[in-house]
Every structure is written in structure tokens, then in C-alpha cells.
Amino acid sequence: MAQSIYIMMAVKTLETISGGAKLQGGEGIAAHLYMFADEGDDNADKWVFRADASSSQLKLRNYASGSWEESIIANGNGSVELYYDNSK
């Protein structure tokens, strides 16, 4: 398998590796993986995984209301929080 590397602003952000792909934010910057269903033509089609730079959290967010809201937060070495309409 050929390796592909994508560089943004002098930082390697996306790289294909033997087991899949590696997504990485720059120093002190969160990493984001956006997923848009159905051509992303409606707000409810938009989701993002976010690995926070400073809090050791992995967040799943949705854009159904027209702004990013929490759906699930996984805390590193800790709990998992579930949200409904951006509230625990």
C-alpha cells in the first residue's frame, strides 16, 4: 500500500499507515475528523470527532441545531458523558 501524507501549515495532519490512517493536530491544537452524511446539505447531516489538545477528551459533536453541540464526551482514563440537546 502506498503511503500518503498531507501537510497543512508545515504540520503533518493526515497520514495513511498500514492499519488505516493517522489524524493529528499541531502542537497545542485539537484534531478534528468531520463526517457529513447525505452530501452534508442539512445541519443534521454533520458530525465531528474532536480530540482536545489540553483536556484528554474525545468528543463526538453534532450540528443539528446549527451550532456544534456535545453528544458524547469520553474522558481519558475516566468517565463517559452522554448528552441530549447539549445537556448531560
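Two strands are taken to pair if DSSP finds at least two bridges between them. Strands are DSSP runs of E of at least two residues, and helices are runs of H or I of at least four, numbered from the N terminus. On these terms, strand E5 (residues 46-51) and strand E6 (residues 57-62) pair in the antiparallel sense over five bridges. Phe49 stands opposite Leu60 in E6.

The model is predicted: local features need pLDDT of at least 70, side-chain atom pairs count only at pLDDT 80 or more, and totals for chains, interfaces and linings use all residues. Residues are numbered from 1 along each chain as its sequence is written, and side-chain values use heavy atoms, with hydrogens and water left out.

The protein contains zero helices and eight strands. Its pattern along the sequence is β-β-β-β-β-β-β-β. Five strands form an open antiparallel sheet in the order E4-E5-E6-E7-E8. Strand E4 (31-36) and strand E8 (80-82) each have a single partner strand, so one side of each is left without a neighbour in the sheet. From one strand to the next, the twist averages 15°; axes are lines fitted to C-alpha atoms, and angles run from 0 to 180 degrees between N-to-C directions.

Aromatic pairs were assigned to rings of Phe, Tyr and Trp (its six-membered ring) with centres within 6.5 Å; planes under 30 degrees apart count as stacked, over 60 as edge-to-face and the rest as tilted. The count comes to three aromatic pairs. Tyr34 and Phe36 form an edge-to-face pair, at 6.4 Å centre to centre and 75° between the planes. Tyr34 and Trp68 form a tilted pair, at 5.9 Å and 55°. This pair links distant parts of the chain: Tyr34 lies in strand E4, Trp68 in the loop between E6 and strand E7 (69-75), 34 residues apart. Ring pairs join Tyr34, Phe36, Tyr63 and Trp68 into a cluster.

Burial was classed by relative accessible area (buried under 20%, exposed over 50%, partly exposed in between; 1.4 Å probe, protein chains only). Tyr34 is partly exposed at 45%. Phe36 is partly exposed at 48%, and Trp68 is partly exposed at 32%. Lys46 lies over the face of Phe36, at 5.7 Å from the ring centre. The criterion is NZ of Lys or CZ of Arg within 6 Å of the ring centre and within 35 degrees of the ring normal.

Of the 88 residues of the protein, 24% count as buried. Contacts are heavy atoms within 4.5 Å. Among those between residues at least 6 apart in sequence, 3% join residues at least 24 apart.
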